[in-house]
Amino acid sequence: MTLMTERKQKIGISLRIVEAPNYEEERDALSHDWTSLLEELGFVSVHIPNTLKNLGDFLEEMNLDGIVLSGGDNIGENKNRDETEKKLLTYALEKKLPVIGVCRGMQLINNYFGGNLSVDDSTVHLARKHEIEITDEKFSSLFSSSSFDVNSYHKNLIPADNIGSTLKPFAMHNKDNSVEGFFHEKFPIIGVMWHPEREPDINNKLMLSTFFKNKKFLES
């Protein structure tokens, strides 16, 4: 008798667009960190191209269980990526798929729901660690901590008073009152300004694994 194995969850992930050295062409790209981390957590990563004519057909064929809107580059720098990620978010809302936005991805989610960004002229968030405070009980219980250090590679900030409609902070940077993590009040969507893939410690693994495997996490 052949034993049936449980299907691994498939997590779609958006890609950067980069210039190829020595070639006059653009290429989709993704840090190896993401593929390694998702595999370690028991997921199958599905890379989502930025130039598909019918993204909806591709997503239906892939039968995704969740989506990562990855980091890197500013919104507005590449039209194809901007449009692809907006369509991904719209699709996820229609299908009620869990979505996590990382750095740029969090900013895109915030903009999508009517929020705004500001630019930090200091180096507080640029290539250095800093402490965040967990301000929501669900997440402090998950992390078993009310504060911890995260990496930081951004100059764009989401001030607390510029957060998008129906988005609620769960992590803050107290020194400038910027939002480091938020979740949607109705849909399975979270965003973080740090990069879990670059430092996959216990907190980051717990966050990703719990969020994608426990669909009721935000409802509890």
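1. In this predicted model, the largest nonpolar core holds 30 residues, and among these Ile-100 and Phe-139 touch the most other members. Helix 6 is the element that gives the most to this core, contributing 4 residues.

2. Which residues does Ile-100 contact once its neighbours within four places in sequence are left aside? The list comprises Ile-67, Val-68 and Leu-69, then Ile-190 and Val-192, and finally Met-207, Leu-208, Phe-211 and Phe-212.

3. Helix 1, which spans residues 32-40, has Trp-34, Leu-37 and Leu-38 as buried residues. These three cover an arc of only 95° around the axis, and therefore they sit on the same side of helix 1. The face turned away from that buried side carries His-32, Glu-39 and Glu-40, which are exposed.

4. As for what lies against helix 1, its buried residues pack against strand 1 (10-14), strand 4, strand 5 (66-69), strand 6 (99-102) and helix 6 (202-213). Both ends of the helix deserve a look in the viewer. At its start, a side-chain oxygen of Ser-31 comes to within 3.0 Å of the backbone nitrogen of Asp-33, while the helix is followed by Gly-42, whose phi is positive and near 90°.

5. Helix 2 (residues 55-62) can be read in the same order. Its residues Leu-55, Phe-58 and Leu-59 are buried, and because they cover an arc of only 95° around the axis, they are placed on the same side of helix 2. The partners against which the buried residues of helix 2 pack are strand 4 (44-48) and helix 3 (79-95).

6. Turning to the ends of helix 2, the N-terminal end is capped by Asn-54, a side-chain oxygen of which lies 3.3 Å from the backbone nitrogen of Gly-56. Just after the helix, Asn-63 adopts a positive phi of about 50°.

7. For the chain as a whole, the secondary structure consists of 6 helices and 13 strands. The radius of gyration is 17 Å, close to the 17 Å that the globule rule gives for 220 residues, so the protein chain is as compact as a globular protein of that length. Taken along the principal axes, the C-alpha atoms fill a box of roughly 55 × 50 × 30 Å.

8. Of the 220 residues in the protein chain, 48% are buried. When contacts between residues at least 6 apart in sequence are considered, 65% of them join residues at least 24 apart. The chain exposes about 11,400 Å², of which carbon and sulfur atoms supply 47%.

Methods:
Residues are numbered from 1 along each chain as its sequence is written. This is a predicted model: local features need pLDDT of at least 70, side-chain atom pairs count only at pLDDT 80 or more; totals for chains, interfaces and linings use all residues. Side-chain values use heavy atoms; hydrogens and water are left out. Buried means under 20% relative accessible area, exposed over 50%, partly exposed in between (1.4 Å probe, protein chains only). Helices (H or I, at least four residues) and strands (E, at least two) are DSSP runs, numbered from the N terminus. The arc is that of the directions from the helix axis to the C-beta atoms. Contact means heavy atoms within 4.5 Å. A polar contact is a pair of N or O atoms within 3.5 Å; within protein, one must be able to donate a hydrogen and the other to accept it, and residues adjacent in sequence count only if both atoms are side-chain atoms. The radius of gyration is taken over C-alpha atoms; the globule rule is 2.2 Å times the number of residues to the power 0.38. Accessible areas come from the Shrake-Rupley method with a 1.4 Å probe; for residues, only the protein chains shown count as cover. A nonpolar core is a set of buried Ala, Val, Leu, Ile, Met, Phe, Trp, Tyr and Cys residues joined through side-chain atoms within 4.5 Å.
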